[in-house]
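Student: I would like to learn how to read features off a model. Can we go through it step by step?

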Amino acid sequence: MSKITAAITAVGAYLPDFVLSNKVLETMVDTNDEWITSRTGIKERRILKKEGAGTSYLAIKAAENLLERKQIDPKEIDLVIVATATPDLLVASTAVYVASEIGATNAFAYDLQAACSSFLYGMSTASAYIESGRYKKVLLIGADKMSSIIDYTDRTTCIIFGDGAGAALFEPNTEGLGFQDEYLRSDGAGREFLKIEAGGSILPPSVETVENGQHFVHQDGRTVFKFAVSNMADVAEKIMQRNNLSHEDVAWLVPHQANLRIIDATANRMNLPDEKVLKNIHRYGNTTSATLPLLLSDFESQFKKGDNLIFAAFGGGFTWGSVYLKWAYNS
Ligand code: UT7
């Protein structure tokens, strides 16, 4: 019997309609389009304005888009994982609600949180379940409503993040396509540099934490940038080396969309020309868990069966890593 690998067989996406442009941000905080564009590559981002709608709203829409694109019966899904840093509720898994809402009534479900690396780590989890032979259809959704944790008076964070969701279905493959290798890392020393201080078990919510703005995300941008630039490039280079891949063998780099300068530094280290580097940061900003599946959805039509894709991400924690995957279908 040939070895089972875990292939991505369908993708989906959802972005809210409301566009928050750099021009509008100029009217909200002391910033300007030139600064944002040159320092980050971002032009606009999407914001979920719908009253009472949380991350599950985005995740459900992305999953429904995937199911419709490939005409998949949700009852066949075994497991739903929602990769997110902004769950609907602190307790009660977002994924469980999403699974029920999309009609995945035979699935079990749970959330996975690793900040901006959530989807990348989720690819490892989803693939391992498939490779083991235990499950046949694992739906991995990356979704974040970043606007729910952003202080729109803080110019160092509000210009970066946006809302969105993307989804990928993992299924067994016997042609050797799909997930090939991973190199995943983490380092708790990073916790100080990118975090939400209050609302968790260390500092539960109080009038004081709200007044101090401690429920918003804070980052030491310069430090995070420094770690992201070197670590994302390191892991991408490492995964190429240990799979004997030259820059000619790599069809696409699928990098986390946090900053255009970080993406370019990773691509340079891999010696990849710009046309092989997937980017949509100018349109969506940093959507945290959603950046990688949104790229898959946006560029699906350009992928060919057998293409070598290298994924790379870096996020809070710190968490980071790289995944090597062979694309499994022509669309
Ligand atoms: O996805 C999770 C991981 N996160 C990341 O990877 C983010 C990593 N960090 C970054 O992408 C960048 O550090 C930022 C985009 C957040 C900031 O860019 P930077 O080039 O590192 O800027 P900086 O923080 O070093 O600030 C440079 C200057 C400062 O002014 P002074 O001290 O030089 O006078 C800031 O106050 O730019 C100022 N500044 C701004 N000016 C206009 C900071 N934010 C803004 C702004 N508009 N929005």
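Tutor: Start with one residue. Tyrosine 57 has a relative accessible area of 24%, so tyrosine 57 is partly exposed. Keep in mind that this is a predicted model.

Student: Is tyrosine 14 buried or exposed?

Tutor: Tyrosine 14 has a relative accessible area of 18%, so tyrosine 14 is buried. The cut-off for buried is under 20%.

Student: How many aromatic pairs does the structure hold?

Tutor: The structure holds 12 aromatic pairs. One of them is tyrosine 14 with tyrosine 57. Their centres are 6.1 Å apart, with 75 degrees between the planes. That makes the pair edge-to-face.

Student: Which parts does the pair of tyrosine 14 and tyrosine 57 tie together?

Tutor: Tyrosine 14 sits in strand 1 (residues 5–14), and tyrosine 57 in helix 3 (residues 55–69). The pair therefore ties together parts 43 residues apart in sequence.

Student: What is the geometry of the pair of phenylalanine 108 and tyrosine 135?

Tutor: This aromatic pair is tilted. Phenylalanine 108 and tyrosine 135 are 5.5 Å apart, centre to centre, with 55 degrees between the planes. The pair links distant parts of the chain, 27 residues apart. Phenylalanine 108 is in strand 5, and tyrosine 135 is in the loop between helix 5 and strand 6 (138–145). Phenylalanine 108 is partly exposed at 34% relative accessibility. Tyrosine 135 is also partly exposed, at 21%.

Student: Which residues form an aromatic cluster?

Tutor: Phe193, Phe227, Phe314, Phe318 and Trp320 form one aromatic cluster. Take phenylalanine 318 from that list. Phenylalanine 318 lies in the loop between strand 12 (308–315) and strand 13 (319–326). A cis peptide bond joins glycine 317 to phenylalanine 318, with omega about -5 degrees.

Student: Where does serine 117 lie, and what is serine 117 in contact with?

Tutor: Serine 117 is in the loop between strand 5 (108–112) and helix 5 (118–131). Set aside neighbours within four places in sequence: serine 117 is then in contact with Ala313, Phe314, Gly315, Thr319 and Trp320. Phe314 and Trp320 are among the residues of the aromatic cluster. At 0% relative accessibility, serine 117 counts as buried.

Student: What is phi for alanine 115?

Tutor: Phi of alanine 115 is near 50 degrees, a positive value in a residue other than glycine. Alanine 115 lies in the loop between strand 5 and helix 5. With a relative accessible area of 16%, alanine 115 is buried. Threonine 288 is another case: its phi is positive, about 55 degrees, although threonine 288 is not a glycine. Threonine 288 is found in the loop between helix 10 (281–284) and helix 11. Its relative accessible area is 3%, so threonine 288 is buried.

Student: How many residues of helix 11 are buried?

Tutor: In helix 11 (residues 291–299), 8 of the 9 residues are buried, so helix 11 is largely enclosed by the rest of the structure. The buried residues are Thr291, Leu292, Pro293, Leu294, Leu295, Leu296, Ser297 and Phe299.

Student: How do I read two packed helices?

Tutor: Two packed helices are described by the angle between their axes and the distance between the axes. Take helix 8 (residues 221–242) and helix 9 (residues 260–269). Their angle is about 30 degrees, and their axes are 9 Å apart. Helix 8 and helix 9 are therefore roughly parallel, as angles under 35 degrees count that way. The crossing of helix 8 past helix 9 is right-handed.

Student: Which residues of helix 8 and helix 9 meet?

Tutor: From helix 8 come Phe225, Ala228, Val229, Ser230, Met232, Ala233, Asp234, Ala236 and Glu237. From helix 9 come Arg261, Ile262, Ala265, Thr266 and Arg269. By class, this contact of helix 8 with helix 9 has 8 nonpolar, 2 polar and 4 charged residues.

Student: At what angle do helix 3 and helix 4 pack?

Tutor: Helix 3 and helix 4 (residues 94–102) pack at about 45 degrees, with axes 10 Å apart. Helix 3 and helix 4 are therefore oblique to each other. Helix 3 passes helix 4 in a right-handed crossing. The contact of helix 3 with helix 4 divides into 7 nonpolar, 2 polar and 2 charged residues.

Notes
Residues numbered from 1 in each chain as written. Predicted model: local features only at pLDDT ≥ 70, side-chain atom pairs only at ≥ 80, totals over all residues. Heavy atoms only, no water. Axes fitted to C-alpha atoms, helices over the stretch in contact; angles between N-to-C directions. Helix = DSSP H or I, 4+ residues; strand = E, 2+ residues; numbered from the N terminus. Parallel < 35°, antiparallel > 145°, perpendicular 65-115°, else oblique. Left-handed = near helix turned anticlockwise from the far one by under 90°. Contact = heavy atoms within 4.5 Å. Nonpolar A, V, L, I, M, F, W, Y, C, P; charged D, E, K, R; others polar. Buried < 20%, exposed > 50% of the residue type's maximum accessible area, 1.4 Å probe, protein only. Phe/Tyr/Trp six-rings, centres within 6.5 Å; stacked < 30°, edge-to-face > 60°.
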